[in-house]
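I opened my notebook today to look up a few things in a structure, one at a time. Come along and check each entry against the picture.

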Amino acid sequence: MTADAVEAGRQAVEKRAWTDAYELFREAAGSASLDAADLERLATAAYLSGHDVESTDAWARAHQARLDAGEFEDAVRCAFWLGYGLIVRGEMARGGGWIARARTLVDEHELDCAEAGYLLLPEALMALGGGDATRAQALFEEVLATARRFDDTDLDVLGILGCGQAQVEMGRIAAGVGLFDQAMVSVIADEVSPVVAGIVYCAVIDQ
């Protein structure tokens, strides 16, 4: 039954049936250990179906599984999404701690990877929220450069979105809207992950 639930959960993820995927992976996790990739699927499905605490737990387990396997770049990415989710929910100290843990992994293992670009996003968003749009713009441009060096579409779209937000904050409305439109093209074309698509939709609507 566990193997059937896992396979059904994977199929639900492919269909973007997030509540079904969450329930199936949760059922499987109750009787066996999921591998790192399936824990990441569970974390995503939980997040997109409104089970934030369960998503945090699954990201933590996926992070540890990636660490145990020596897959440090993937471990950094798991820690980023865990920390990001906490920060979005207002748990700044816990979220910041996970971002710091991810940054330590990058430094300790001298990682040159797209994941290092993701770790710039919280700092850029803090600068934006603190009224320093110029610094935010510079950080988002660094995010874009990293995304394009490693051909990471999710990171690229988040960088474009951030640049658009910084432009709007600086009063350059037309430039900002143009960047929002550019980000939305990637979303509509289904070029980004569901989590990133949701972030872009929410951010553009909020402007």
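**Before starting.** I noted that this is a predicted model.

**Helix α3, its length.** I wanted to see whether the span of α3 fits its residue count. This helix covers residues 36-48, which is 13 residues.

I looked at the N-terminal end and found Asp-35 capping it. A side-chain oxygen of Asp-35 lies 3.2 Å from the backbone nitrogen of Ala-37. After the helix comes Gly-50, with a positive phi near 85°.

**Helix α3, its buried side.** Which residues of α3 are buried? I listed Ala-36, Asp-38, Leu-39, Glu-40, Leu-42, Ala-43, Thr-44, Ala-45 and Ala-46. Their cover includes α1, α2, α4, α5 and α12.

**Rings.** How many aromatic pairs does the structure hold? I found five. Ring pairs join Phe-80, Trp-81, Tyr-84 and Tyr-118 into a cluster. I also looked at Trp-98: the charged end of Arg-101 sits over its ring, 4.4 Å from the centre.

**Gln-137.** I found this residue in helix α9, which runs over residues 133-150. Is Gln-137 buried or exposed? Its relative accessibility is 11%, and buried means under 20%, so Gln-137 counts as buried. Leaving aside neighbours within four places in sequence, I noted that Gln-137 is in contact with Cys-163, Ala-166, Gln-167 and Met-170.

Note on methods. Residues numbered from 1 in each chain as written. Predicted model: local features only at pLDDT ≥ 70, side-chain atom pairs only at ≥ 80, totals over all residues. Heavy atoms only, no water. Helix = DSSP H or I, 4+ residues; strand = E, 2+ residues; numbered from the N terminus. Expected span 1.5 Å × (residues − 1). Buried < 20%, exposed > 50% of the residue type's maximum accessible area, 1.4 Å probe, protein only. Contact = heavy atoms within 4.5 Å. Polar contact = N/O pair within 3.5 Å; in protein donor to acceptor, adjacent residues only side chain to side chain. Phe/Tyr/Trp six-rings, centres within 6.5 Å; stacked < 30°, edge-to-face > 60°. Lys NZ or Arg CZ within 6 Å of the ring centre and 35° of its normal.
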